[in-house]
Amino acid sequence: MTMGKRFLWLLVGLMSGWSLQANAQSAHLTAKSLALGGGGTAYVEGYHANFINPANLMLGGAGPRITFGLLGGISTSMGGPLINLHVYDTYFTRGLTITGSIAEDALTDWFGNDPAGMKNFGMQVDFIPVGLSVRNDKWAMGLALRTRILMNTGINKGAAQLAIYGFNAGIFGDGQPVNFSTSTLVFYEASLGVSIQLLEIENLGFARNVKIYAGAAPKLLLGVNSYKADFNSVLTLKGPQNEVEEIRHDFNYRIETTGEITDQLTEYYQVRESQSKVPVIEDYVEIVPEDMYGVKTSGWGLDLGAVVEMDVNIPVLGALFKGAEHLQVGLSLTDLGSLTFTENAGAFVADKNLIWRGFNFDQETIDEEYNGDRGEYISHVLEDSIMTGIYNSFVPQKNVENKRFLPTMLHFGTRLILSKLSISVDLTRGFSNEGVNTQKMALSTGIEYDLFGFFPLRVGMRTGGYSSTSYSAGVGLEFRNFEFSIAASTVNTLAKNGSAGMAWSGLILKF
Amino acid sequence: MKKVLRFCACSALVLSLYACDPPQAPDFKLESKLQFPLTVEQTYQFLGGSGALIDTTGENFDSLFTVDNNGLIRLSKEEDFDFGDLNDAIPKVNVDPATVVSEVGEISLANFSSSGSIGSASFESITGFSAPLQQGDPVPAASTPGTINIDFNTDYFVSAIIKNNGSLELTVTNNLGFDIDNLSITLNSGSSFVGNTAINPFNHNATETGTISIPAGTQLSDLNINISASWSAQTMKENADNLVVNSVRGQNLAASQVSAAIESQQFSSSGTTNVDDNKFLFTQPGHFIGLSNGLLSIDITNQINIAIESLDISFPDIRSKSTDTPLILSMNNIPSELNGGSFSTSFDLSGYRIYALDNEVTYNIDAITENTQQGAGSQIRTINEADELRASVELSNLEIKRATGVIIPRNVLLNNDAAANGANKLDVFNDDEAEVIKIDGISDLSEQISDITFANPILNIIYETNLTVDATVYAIIAGINSDGNTVYLSGKPGSNFYVSSFDAPSELMANNRPPDEEQLIKFILTTSPDGSTAGGIARFDSSGTNASEFFSNLPSKIRFVGIARINEDGSAETETISTPITFDPRLSVDLPLNFSAENASFSDTLDADLSNLPGEGDEQQLSEAIFTINYTNGLPFGLDLSLIMLNENGDEVTSYPLNGQEPLMVQAASIDPVTGFVEDGGAKTGKLQISLTAEQLELINQTRSMILKINFNTAQQREVKVRAEDSVMIRMKMSVDVISAFN
């Protein structure tokens, strides 16, 4: 496989989440909330409420008071500006040869004009193996376990240029930044949510049966793995047209690790420092399964929320539907807390430069050390000297603590129930851009129609945040004591910031 | 209203699904570049270690190159010939077998009897008295009445034929008791008169000798005498007794044939035998051949009816090296003819020298027969003066260690002489005969370079020999290049190396044909003045030979057959030659890299498996490939390069440059017109660009091997010289456009 093709597949891999990076919105998604655009601040009930708005544990009205979920929710969402379906559709599906002005336009559309600008792609996978909630008139409790995988990766325009243009002196002649980053956080949550009714007002004038609930869901965080890598570089191809005489790559990176791989990289460093021959990193690094599930640290987190539900009488619109209009308004703050990895935590940094002026075919060396085999010599130069000797020349840092904050997010949402039709609107905003979070405001809206009383049809739309406007839909079967839903979302082909999501409610039993 | 809501809900769902249409399959191509430097700026010195253009540490080039004081590179190589020795140069000398014949010759007759009396006559018979007288009795004067015959009793003698004039001596004693005035004696052979004599006076008690002449041709047998006496009157001095014949002896009496009991006879003879003069002449007394081995065989046939008591055969010309004494062979008791008469013996001649002046070996035979008169029972033998003693003398297996004399010019083969093409024939293309030398370094160059003209190459034959005789080597030296083209090393007319057809040795051949003048060369061996090992060099350069043509053919093999013509002019009167004759030659090539070239070509086939490159039908295609080579050429010749790509069947896939493509030419460095070396600062800088077309790139992945052809030219086709440190600096960069399809 050629170098160009490798880069392309790497890019495709990054786009498809293969690299286990994640982004999009970090809000907890259920099959219902995903179908309705990704909100849920004011309507996600049962044990799922622990993770969106614990106050919602009190919602449910006259319905069943106990909810039990087995394999009670699997959702994944991905997205980010790195997945630019508009660019993809415009340039990569029409048989074009991506070169010259076409390549330039595509990259500008994709990354803008700033060569250093990063475009990220994120993915979040939530899995709730079991959940239970119990609701009473005045209080409710929810208990849920959740496994979370948060991934994020990003590349800059220079990296994309490298993938598309290759080693092109016309592009990199004056030097271009070539950067990428990636992070992964895997942890378990054991959340205990409590919601109580704070206030009940029968008639507030414009509303009746007003009830205000407040809830909190502290959660035990069990950190499994944290990995971060930030690679920043400037690639310069010096020389006249078609005659690159020197490739210069000034780079620095920082890799944060936890688990066995920290020891492995440290051992590699020590061996490399103690002997003249550069060791092969593959001989030292081996993925240990325990790193993928073993708990390495713990911490505490908290989800908070409040919700108000009321019956309202909306002029004109209310007349179109039978019965009273029911309005729910929620506000929550999720994922407060952090995880600090100290056991087997490591950080490895490098600040080097590669200057490549060509192979030095020193025949004597080739004869003596490579048995006269030039191919072996070339392989050694590329793999050992450059990849291992330069790019792997990291230095471990001591007394490292890898602290990872949870993707704290503020949610505000409403839901208006008009008989079998409900309309929901949510606004979300993260407090940082770290991980899967984003500080960009996102708006989610959804409509649900309960067909035949047990077959809800759901559509939704979401805009803002990391992705372009995405559309979602879902269906479910909802009986009094049993519920099963699925949902999916994606952006349309014109979207510049792609996203995609899927959710499966699992088997939910209600009593 | 419900229907409206249901419709709206379903529509919204459909719209959502429509809005969520999945992305289309990818369909695009990436045209990416790979532009990077392939090699750092690397300088390849012409000669040096593994990083040089010619790796002198490589197996094939190890010790092949030297650099002289001027910095000029010389390709030098020595390879040994394996000729063994030159012992054949010493002449082989044969001595004709000879038979020595010794006749008995005249047989001397002396003693005729062994006892004290061979006959007698009584008083009465002589005096005629009837009874013997006593002392005091008077004896009247008188004479013998008639004659008295006395028959000899000669036990040693039977008969003889007298060869020469001699005589017989009769010894007589007078015991008659009175004095005789005159005694007349007549000798008879049987009844034939032989001769007479007289004794007077012959007194009583006296012993007198009478001599009777025996003429040649007299036959003697049954010897007797007639006597008569006369006396005066007197008185008997003693009592009367007999007249006694005591003996008869020959005086200077020799017979040609005799039947008798013979005393020892001594006879001798001399002769010569010829020494082969085809190869060696003994023209002076001091000329000789020294033998390391040899056998003298003698077979004796005694045709005489008498044994040879002692026989000495002496060879005054065969002398001991250590004592300088002649060889004398002494033998005893050679039986008579009757007892077989044969006798054989042999003698080891190692350590002897043969001084065969005028190529003749002299011999002498001295024989003494047995004395049959001695011992128990005398034996009567009949022998003839012509009876022979034959001695056959043969000198065989003569191995000459040293020879001093005149060596006849002759040819000695230097190579093994295989029987297949006949004896004394050496064919330069016969592997069983020719010395074949492969010089690895030249072999490699030969396989890759042609049409180069070396200005001053030298082929040396370096040898060590103790040969003391002038010798000229005639040889066929054939240089065969990797294409099988043969160029013979030959002398230029007028040079010492030139061989005319007249002088062409008949022993040498090329492909079963006599060689032409252009296929022959000769050189004179430097000989040792004193027989110690001395060194010599035969140097073949362009002044006297076609060495330039010979080496410009870049022979990968050099074949050699030759003969040494010993003492070719034959002028020396005395030469000394000794074995072992060493001749240890080795061939030395001294090829200064001083050459001219006009489109000289270098060709090499390199493994080049380019199957990993994208080709026709692959998702990836090469749309453009440009290889740029910046060079600084400090070599004294320019290069014109071309590439031919071959597929796995060896068929051409494509080549570069095609028509219309830029030629790949490297300019030669500037040359100092005086020295021929690259002048200071004369290196030329330039750039080559190999730009492959799309058509070529489509095919290039079929390439499995590549022929690199380089034509190189020296500036103005002048002679140039290469120094070890002459170098070329190159730097390679590449730019490849790769189109990758995704659909």
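**Note on the predicted two-chain model**

1. A:Arg374 is placed in helix 11 of chain A, a helix that spans residues 374–391. The structure under review is a predicted model, and the points below should be read accordingly.

2. The surroundings of A:Arg374 can be stated briefly. This residue counts as exposed because 12 C-beta neighbours lie inside 10 Å, and the exposed class covers residues with 12 or fewer. Leaving aside residues up to four places away in sequence, A:Arg374 touches A:Phe361 and A:Ile366. The C-alpha atom of A:Gln363, a residue 11 positions away along the chain, is separated from that of A:Arg374 by 8.7 Å.

3. Chain A has an average pLDDT of 84, with 90% of its residues scoring at least 70. For chain B the average is 85, and 93% of the residues score at least 70. The scores for the model are ipTM 0.80 and pTM 0.63.

4. One segment of chain A calls for separate comment. Over residues 1–24 of chain A, pLDDT stays under 50.

5. Strand pairing in chain A can be followed through strand 14, residues 345–356. Strand 14 of chain A pairs with strand 11 of chain A, residues 246–258, in the antiparallel sense over 12 bridges. Within this pairing, A:Ile247 has A:Trp356 of strand 14 as its bridge partner. Strand 14 of chain A is also joined to strand 15 of chain A, residues 395–397, by 3 bridges, and these two strands run antiparallel. Here the bridge partner of A:Val349 is A:Val395, in strand 15 of chain A.

6. Chain B contains 5 helices and 53 strands. Of its 743 residues, 39% are buried. Among contacts in chain B with a separation of 6 or more, 85% are between residues 24 or more positions apart.

7. Which strands of chain B form an open sheet, and in what order? Five strands do so, in the order 5-6-44-36-41, with antiparallel pairing. Its edges are strand 5 (65–67) and strand 41 (534–540) of chain B, each of which pairs on one side only. From one strand to the next, the twist averages 25°.

8. Inside that order, strand 6 of chain B (residues 73–80) and strand 44 of chain B (residues 583–592) pair in the antiparallel sense over 7 bridges. One of the residues concerned is B:Leu75, whose bridge partner in strand 44 of chain B is B:Leu591.

9. The largest nonpolar core has 168 residues. Those with the most contacts inside this core are B:Ala89, B:Ile354, B:Ile476, B:Ile477 and B:Ala564. Strand 31 of chain B, residues 388–407, provides the largest share of the core, with 9 residues.

10. Finally, what does B:Ile477 touch beyond residues up to four places away in sequence? The residues are B:Tyr488, B:Leu489, B:Ile521, B:Ile558 and B:Phe560. B:Ile477 is itself one of the residues with the most contacts inside the largest nonpolar core.

Methods:
Residues are numbered from 1 along each chain as its sequence is written. Chains are lettered from A and ligands numbered from 1 in the order in which they are written. This is a predicted model: local features need pLDDT of at least 70, side-chain atom pairs count only at pLDDT 80 or more; totals for chains, interfaces and linings use all residues. pLDDT is the predictor's confidence in each residue, from 0 to 100. Two residues are in contact if their C-beta atoms, placed from the backbone, lie within 7 Å. Helices (H or I, at least four residues) and strands (E, at least two) are DSSP runs, numbered from the N terminus. A residue is buried if 20 or more other C-beta atoms lie within 10 Å of its own, exposed if 12 or fewer, and partly exposed in between; C-beta atoms are placed from the backbone. Two strands pair if DSSP finds at least two bridges between them. A nonpolar core is a set of buried Ala, Val, Leu, Ile, Met, Phe, Trp, Tyr and Cys residues joined through C-beta atoms within 7 Å. Axes are lines fitted to C-alpha atoms, for helices over the stretch in contact, and angles run from 0 to 180 degrees between N-to-C directions.
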